[in-house]
Amino acid sequence: MQFERPKYLQKLVSSIGNGMIKVITGPRRSGKSYLLNPIFTEYLLAHGIPKDRIFMLDLSDDRNEELHNPISLGKKVRSILPREGQAFLFIDEIQLCESIESPYFEGVQTVSGKKPTITFYSVLNGLLSSYRNVDVYVTGSNSHMLSSDIATEFRGRGWQIHMHPLSFGELREATPTSVNDFNLWNSFYRWGGLPGCALLATEKEKRAYLKDVFLTTYIRDVADRHALRNEHSLEEVTSFLSTSVGSLISANKLANTFRSKENSHISPDTVRKYFDYLEDAFLVSKAQRYDLKGKETIGGTAKYYFQDLGLRSAAAGFKGMDQEPHFMENAIYNELQARGYQVNVGVISTNEMVNGRQTRVNREVDFVVETHGRRFYIQSAYWIPDAAKLSQEKAAFRRIGDGFTKIIVSKFTDGISSDEDGVVRIGLFDFLKNETLLDAPLF
């Protein structure tokens, strides 16, 4: 089984010659290195780029340990790159290049009192200025290659390509048709889309792989990056998030929960920091609440979704695997994110008569989706067995009061249809397999 990742290859192809540093970010083990080599490399070779014009440096190779020093890295790339003619430079695991104090300022007192540092950003910015004939592509450990770092350090000259784990649609294309959508979905929401996991044959192998990646590649990496003294607390917070997919969460409530049930004294500020670290590591994504009446985001609580459902399973210790409706909601959110949409959780408050009394009622729209001036409202509904359940799913839609498209995605719906209320019904598999579904009017 091979995963060609055509969407990401096309992004690389379209970035050729744009004069920027191409930075491939995304969850660990999602296939960033494989995208550069062999996928992109084979494309370049097939389109006339000679092999000797493609230069590759893998900083995770122990033979390249000297290149973890940015000065050595800069000297190395300048010694191999041509001054003329189109060339391509790939640097894998760029985060292994450490920041150092500049030796040129040794013994020099600066106005700020701080010694200047040299980083891999310094090297890459220098290449961008000196070698206009070279296209530079780098990958890095997600917790070191943050979007904020790219925007700041490259001064607007960094081109980010965010890579996600394999989607359901990508797995569908690579899986024999003898495996139907339902069986493939049962595997997907349990084991996710990390390519290394997808290639394993047995449940035992998948569990072992995901557990190792979660603990050693994510938890330990985040703890090391932020010099955390209590790695166990970070793991506990992550575990809580993994069993709370689809629920509104606040740092204050979580800290209180740990205090009362776990006899832990993690402060709300520490919990917030952990949330930020996990989000920066691309392990989870934060969906903010959006007031559909006030037209503004609401702070305090948010939903957290795992960028890979297999890592969610590992974070939960492979327990609670029966919460399929929540995992379906997570999968829909991930798909919307991968398609480049802005996604929030919608909240609408109205005054209604409840048991004969005027009552303030808060209703939720799972996803408020924005793209190029268009908006969609989406509800994730695992099963709609009768009219009462359908009416319940539409309740928030009826109170929004605008003409934007309203959609219900459900597992046991076939195809795409529109009902008498103008609500579009879409089957889960139709939604997950059709990446351009929302790009054109549905009806």
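**Note on the predicted model**

1. Phe318 lies in the loop between helix 13 (309–315) and helix 14 (324–338), where helices (H or I, at least four residues) and strands (E, at least two) are DSSP runs numbered from the N terminus. Its phi is near 60°, a positive value in a residue other than glycine. At 13% relative accessibility Phe318 counts as buried, the classes being buried for under 20% relative accessible area, exposed for over 50% and partly exposed in between, with a 1.4 Å probe and protein chains only.

2. On the basis of these remarks: this is a predicted model, in which local features need pLDDT of at least 70 and side-chain atom pairs count only at pLDDT 80 or more, while totals for chains, interfaces and linings use all residues. Residues are numbered from 1 along each chain as its sequence is written, and side-chain values use heavy atoms, with hydrogens and water left out.

3. Glu93 sits in the loop between strand 3 (87–92) and strand 4 (100–101), and with a relative accessible area of 17% it is buried. A cis peptide bond, with omega near 25°, leads from Asn37 to Pro38, and Pro38 belongs to helix 2 (residues 32–46). As background, most residues other than glycine have a negative phi, and most peptide bonds are trans.

4. Glu324 is found in helix 14 and, at 8% relative accessibility, counts as buried. Leaving aside its neighbours within four places in sequence, Glu324 is in contact (heavy atoms within 4.5 Å) with Trp185, Tyr189, Tyr382 and Lys411.

5. Thr243, in the loop between helix 10 (231–242) and helix 11 (251–261), is exposed, with a relative accessible area of 54%. Its side chain reaches the backbone oxygen of Phe240 at 3.1 Å. The C-alpha atoms of Thr243 and Met321 are separated by 9.4 Å, although these residues are 78 apart along the chain.

6. Ser349 is part of strand 10 (residues 342–354). Not counting residues up to four places away in sequence, Ser349 touches Lys293, Arg360, Val361 and Asn362. With Asn362 there is also a side-chain to side-chain polar contact of 2.3 Å; a polar contact is a pair of N or O atoms within 3.5 Å, where within protein one must be able to donate a hydrogen and the other to accept it, and residues adjacent in sequence count only if both atoms are side-chain atoms.

7. Turning to the whole chain, the protein has 16 helices and 15 strands, and its C-alpha atoms fill a box of roughly 80 × 55 × 45 Å along the principal axes. Of the contacts with a separation of 6 or more, 67% come from residues 24 or more positions apart, and buried residues make up 51% of the 443 residues.

8. The protein chain has 54 positive and 54 negative side chains, and the centres of the two sets lie 4 Å apart. Here Lys and Arg count as positive and Asp and Glu as negative, while His and the chain ends are not counted.

Note on methods:
Charge placed at Lys NZ, Arg CZ, Asp CG, Glu CD.
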